[in-house]
Amino acid sequence: MILAPLVALVALVALVALASCAPRAEGERHAAVSSALNAEDRLAACENDPRVVAGLVTSEICAGADIFFRETFEGNGRSCGSCHPVENNFTIDIPFIDALLDINPFDPLFVHEQEPELIDLEIYELKTLGLIRENIDGFDDLDGKYVMRGVPHTFSLATTITPDPMHEGAELPLERTGWSGDGAPGAGSLRDFLTGAITQHFPTDLSREPGVSFRLPTEQELDLTLAYQMSLGRMNELDLTRVKLTDPEANEGRLSFLDPQRGRCNVCHANAGANHLDTGRNRNLDTGTRKAPATSTFGAFDGGFGGVGLAEPNIDVLDLGFLNGFGDGTFNTPPLIEAVDTPPFFHTNAFGDDIEAAVAFYISSFFKESLAGRELEARFGAPIQFPDSDIVKMGRLLRVLNAAFNLDLAEQRLRAARELAGQFHDARDDVQKRLMELAEVEIDDALRVLGVAGTPLHPVSRYRLRQAKDEIAAGLSAAAWSARESRISTALLRVQNARDPLGSNITFQLGQGNLMY
């Protein structure tokens, strides 16, 4: 029987209004305000969250998500979710920023335009390029020692952050975080990253004094937020040698990706992930992206990893003939499975939303003349080179893999919504409906990802996904839980029928955090 948990759930929500379950209109941003809830309060509330009661999510992941999306740590109103919104694949880009400006130009993301003491927290490139200001090498020179970077998504961190010991030079962080692999303070773990993010992005003034400009997270908050982040996206890697794609060009792209005489992509992005083929761990590399377009002309040029503690520039980032940046020129290797719908690409957002342009980068002089390009040349006896046709084919490979990931996320959320409808009926139907909305977000992503120019990519699957969207819309407007449950079931069938034709052995193990928002 579920009546007792339901009574407790309603009572507790009435008392504490747990924000992670609170209903809101579609497209509405989280109301990020400093909360009177401490970690224990959140854990207690989460014990009655329907997702926890149903066994879909642990209370620790639930509480960590609430901290991630809603706790502002007595800062300027921003939360982690300000730059990592669930409805935009945990990143921000120009379309998202433009839409947010239309909906709420006073969102905390733009707090630097509202508070005079924060005018230098960001610069205009936030709106024009989707770049945020990062003092990655320290706060000792706020005017001259900063870089502008895109916001990396937080999907699948469990598979990407173990550092490769082959990286020589500066002491390795415990884990690879941020674009240069050294985004976290202290020992450099993902757990420490929250402290660095609060210090960088949440302050009420640029003195960044703990206890004045913001409060630091407690040990328990650090643990809970880590648990949530490590449960996002997928928990496993593929085996591309066993994957078979139905689209002939995509499957040929897979072969090129694996072929050391063609794409060579699998060396640094083993199985389309973020880890190196030789070690199975994340390796920082100088691929020439530091010289790619859209590098900031403000502050220091971005020298990547290892600039902390340097008083003077130590690297000529753009080969201009003088030292103009801090670091060793290397950057963190991101996973590719999630790449197509998390543009723009590289740390400077240099290649818009076109995955094919990002693939083409690797036959450019930027890459061929880089340290990583020369390492591949020495390894295989010739410079990297593949025809334009392989750019298209590898683009199709990545599009199919990304679409499969999108649809697995959609299926996970629809299954959860259906289970909650079956167990709780109309009680807390806002949670069911929000999961349905977020499933539709992933379906929309899959439709965009598969909407490639040239030979149509899985047109039948795209038709079935549009049918799934219709079922979700009908379910969201259904008056009774039983009708909603039925519509979810039909939408789920449509998603499965769209997913199956993509190929075989594309199997993702998904984390519980994908059900939180």
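Student: What makes F73 and F202 count as buried or exposed?

Tutor: Both F73 and F202 are buried. Buried means under 20% relative accessible area, exposed over 50%, partly exposed in between, with a 1.4 Å probe and protein chains only. This is a predicted model, where local features need pLDDT of at least 70, side-chain atom pairs count only at pLDDT 80 or more, and totals for chains, interfaces and linings use all residues. Residues are numbered from 1 along each chain as its sequence is written, and side-chain values use heavy atoms, leaving out hydrogens and water.

Student: Why is the pair of F73 and F202 called tilted?

Tutor: Rings of Phe, Tyr and Trp (its six-membered ring) pair if their centres lie within 6.5 Å; planes under 30 degrees apart count as stacked, over 60 as edge-to-face and the rest as tilted. The ring centres of F73 and F202 are 6.2 Å apart and the planes stand at 40°, so the pair is tilted.

Student: What makes F155 and F405 an edge-to-face pair?

Tutor: Their centres are 5.3 Å apart, with 90° between the planes. Hence the label edge-to-face. F155 and F405 are also buried. Ring pairs link both into a cluster with F68, F69, F90, Y228 and F508.

Student: Which residues have the most contacts inside the largest nonpolar core?

Tutor: They are F90, Y228, F257, L414, I443, L465 and I506, in a core of 101 residues. A nonpolar core is a set of buried Ala, Val, Leu, Ile, Met, Phe, Trp, Tyr and Cys residues joined through side-chain atoms within 4.5 Å.
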